[in-house]
Amino acid sequence: MEQPLFSTRAHVFQIDPTTKRNWIPASKHAVTVSFFYDANRNAYRIISVGGTKRAVRDDAQRPTLMSGSTAIINCSITPSMTFTKTSQKFGQWADSRANTVYGLGFATEQQLHQFSEKFKEVKDAARLAREKSQDKELANTALTIAAPQDLSDELQSPPVMCVNGPEDKLFRSQSADITLASEKERIKKMLSEGSICEINLETELFTLQDSNCKLVAALHEANANVEQWKKQLAAYQGETERLREQVAELEVHGGQGPSDLLKDELTQSLEELEALLKAKDEEIHILQSKKREYHEMEHERDQAILRLREMEMRSSELERRIQNTEQNLSNSLEERDRMDTEIQRAIEILDIKIFDLNDLRQSLVKLLDK
């Protein structure tokens with residue numbers, strides 16, 4: 001016998017086989033959806049029965065429903081299946097064997113989270129069970145046949161379908177569905193574009209900050225070098241003045257001008273000092289131009305920060321609009337549930353009235369017979 005592992009209540013939907021876009025409700029009300037484990041076959045299934053809450057198995061080890069019941073879900077879990085959350089209270093998975101997609105609408109987000117976690121756990125257990133069954137040399141004949149079927153499920157990718165999600169209501173027109181779905185897709189597209197722009201701006205900002213750090217380090221190093229060069233320049237100027245004074249003293253005290261050799265040495269020293277001074281002036285000019293570039297980079301960084309803040313404000317606005325849309329969807333679901341309750345109450349009242357009329361008819365027939 002199969003053992004129940006986990007049970008919850010949810011509204012069951014199936015994808016429309018014709019359009020592959022809209023959901024068709026498989027149950028009028030929330031029904032019990034359960035995970036079962038078959039120890040003999042070492043297999044896991046999801047079962048949901050309408051009308052009654054239990055099922056028995058026949059001789060072929062297949063579920064046989066009690067009288068008055070209907071099988072809504074009878075899905076064997078394979079490692080290739082994936083349960084996807086499409087909203088806060090709705091999730092879906094594809095069954096390649098039945099060639100359909102099942103959708104479940106829950107009353108709370110916590111129930112959806114519990115079902116999703118249990119689905120992952122059971123899927124992992126099914127994968128481990130299949131691996132163990134393949135390693136055994138004396139495997140059961142049923143498991144030997146089931147293994148290639150599971151393998152074929154892995155090779156077949158689930159059908160790619162574009163669904164509107166749980167917002168397809170039972171009491172809503174087709175035009176309203178299309179309008180709401182298009183509005184939601186447009187908001188998602190705007191939010192994705194805003195996220196891409198925000199990422200680009202953040203990348204540009206990080207690049208500017210890196211360049212800014214490099215320029216600051218270069219300016220600090222240049223400032224330190226400028227101070228050193230100024231000291232060297234002052235020393236060279238003092239040396240030049242000292243050489244000039246020596247030349248003047250030699251001219252005065254020597255009676256004659258200095259020798260040609262001394263003149264050449266002094267001239268060469270002066271030319272070297274002048275060339276060095278010119279090179280230092282050019283380096284100072286280059287550093288000043290780099291300083292201007294640094295200010296321009298700072299300005300660009302400020303502009304990037306401003307654009308980033310604008311994108312953050314826009315993203316906040318888009319998130320607020322999405323929250324409003326989700327709130328409207330939640331209100332619509334509550335309204336639909338309320339209408340379901342009222343219709344059910346009206347049906348019960350009609351049943352009572354019909355029963356009373358039937359009693360009245362029988363009474364009238366008896367009177368006529370008398």
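The model is predicted. The protein holds ten strands and four helices. Along the sequence, the order is β-β-β-β-β-β-β-β-β-β-α-α-α-α.

**Overall figures**

- Of the 370 residues in the protein, 28% count as buried.
- Take the contacts between residues at least 6 apart in sequence: 61% of them join residues at least 24 apart.

- Strand 10 spans residues 100-105. Six of its six residues are buried, so the strand is largely enclosed by the rest of the structure.
- T100, Y102 and L104 point one way from strand 10. V101, G103 and G105 point the other way. Residues on both sides are buried.
- Strand 1 (residues 2-15) pairs with strand 10 in the antiparallel sense, over four bridges. In this region V12 stands opposite L104 of strand 10.
- Strand 9 also runs antiparallel to strand 10, and six bridges join them. F90 has G105 in strand 10 as its bridge partner.
- Strand 9 and strand 10 form a hairpin with four residues between the strands. N99 in this hairpin takes a positive phi near 55 degrees.

**Aromatic rings**

- The count of aromatic pairs comes to 14.
- The W93–F115 pair links distant parts of the chain. W93 sits in strand 9 (residues 90-95) and F115 in helix 1 (residues 109-135), 22 residues apart.
- W93 and F115 are both buried.
- One aromatic cluster is formed by F6, F35, F83, W93, Y102, F106, F115 and F119. Y102 of this cluster is also one of the buried residues of strand 10.

**Surface patch on the leucines**

- L357, L360, L364 and L367 make a nonpolar surface patch of about 420 Å².
- L360 lies in helix 4, which covers residues 260-369.
- L360 has 48% relative accessibility, so it counts as partly exposed. The exposed class begins over 50%.

Definitions and conventions
Residues are numbered from 1 along each chain as its sequence is written. This is a predicted model: local features need pLDDT of at least 70, side-chain atom pairs count only at pLDDT 80 or more; totals for chains, interfaces and linings use all residues. Side-chain values use heavy atoms; hydrogens and water are left out. Rings of Phe, Tyr and Trp (its six-membered ring) pair if their centres lie within 6.5 Å; planes under 30 degrees apart count as stacked, over 60 as edge-to-face and the rest as tilted. Helices (H or I, at least four residues) and strands (E, at least two) are DSSP runs, numbered from the N terminus. Buried means under 20% relative accessible area, exposed over 50%, partly exposed in between (1.4 Å probe, protein chains only). Two strands pair if DSSP finds at least two bridges between them. Patches are made of residues with over 30% relative accessible area and no salt bridge: like charges are joined within 9 Å, nonpolar side chains (Val, Leu, Ile, Met, Phe, Trp, Tyr) within 5 Å. Accessible areas come from the Shrake-Rupley method with a 1.4 Å probe; for residues, only the protein chains shown count as cover. A salt bridge is a side-chain nitrogen of Lys or Arg within 4 Å of a carboxyl oxygen of Asp or Glu. Contact means heavy atoms within 4.5 Å.
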